[in-house]
Amino acid sequence: MTMIPESAGATPYGIFLLADDYLSAAKLAYRGTGPVRLMTYHAAELFLKTYMRSAGETIDALRALGHDLEKMVVRAKSLGLKLPAQIFAQSRKLSANNDYVRARYVVTRERTDISDQSVLRYCQTIRSSVIAALNMDELGVPQGEPWLGALPTDYPKQARSE
C-alpha cells in the first residue's frame, strides 16, 4: 500500500483560507511590532500555491519550490496566472535581498528593507490575481469549479459510494 502525504488532499480553497488567515494576522501585527513581513510572505506563498494546486501541481512539486517566492511567481505565471509586472520586479528584489529568510531571523531592520506596507500590497495584489483567476468571491469561495483542470495526481481518489 502506498502512503499518501498528509497534505495530498489539500484543496485550493483550503490553502486559500490558510493564506487569508496569515494575511489577517499580518495586518493585525502591522499595528504593532510583530513579524509582519514574515506572515505576509507566507500568505503570498500560500496564495500562489492555491493557484498552482488548482492548476494540478502536486504537493511534492509545491514543496520543491521551497520558500522562493520568485520561483513561485514564475511557476504560477507559466501555469497561466496573470500578475502585474510589479509583482515580478518585487519578487526579484526580495529574492536578491534574501528578505524572506531575513524576515525570519534578523531582528534589526536595514534602511533598504522592503517596507511592511509594500509587502502587504504585494501580497494583496497576488491575492486579488488568484481570486480573479480562480473565479472566487472576495472570501475565496469558488464560484464555479475549484480546479482549473484535472485533479493533481497525488490527490486521494474518492471512495465509491456503495
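Predicted model: local features only at pLDDT ≥ 70, side-chain atom pairs only at ≥ 80, totals over all residues.
Helices α2 and α7 are among the elements that cover the buried residues of α1.

Which residues of α1 are buried? They are Pro12, Ile15, Phe16, Ala19, Asp20, Leu23, Ala26 and Ala29. Such spacing has a simple background: an α-helix has 3.6 residues a turn, so residues three or four places apart point the same way. With 19 residues, α1 spans 27 Å from its first C-alpha to its last, close to the 27 Å expected at 1.5 Å a residue.

Now to the core. The largest nonpolar core holds 40 residues, and those touching the most other members are Tyr41, Phe47, Leu48, Leu69, Leu83, Tyr122 and Ile126.

The largest share of the core, 10 residues, comes from α2. Take a look at Tyr41: beyond its neighbours within four places in sequence, Tyr41 contacts Leu69, Leu94, Asp99, Tyr100, Ala103, Ile114 and Val119.

Finally, how do α4 and α5 pack? Helix α4 (residues 69–78) and helix α5 (residues 85–96) meet at an angle of about 150°, and their axes lie 8 Å apart. The pair is therefore roughly antiparallel. On the α4 side, Leu69, Glu70, Val73 and Lys77 take part, while α5 brings Ile87, Phe88, Ser91, Arg92, Leu94 and Ser95. By class, this contact has 5 nonpolar, 2 polar and 3 charged residues.

Conventions: Residues numbered from 1 in each chain as written. Heavy atoms only, no water. Axes fitted to C-alpha atoms, helices over the stretch in contact; angles between N-to-C directions. Helix = DSSP H or I, 4+ residues; strand = E, 2+ residues; numbered from the N terminus. Parallel < 35°, antiparallel > 145°, perpendicular 65-115°, else oblique. Contact = heavy atoms within 4.5 Å. Nonpolar A, V, L, I, M, F, W, Y, C, P; charged D, E, K, R; others polar. Core = buried A, V, L, I, M, F, W, Y, C linked by side-chain atoms within 4.5 Å. Buried < 20%, exposed > 50% of the residue type's maximum accessible area, 1.4 Å probe, protein only. Expected span 1.5 Å × (residues − 1).
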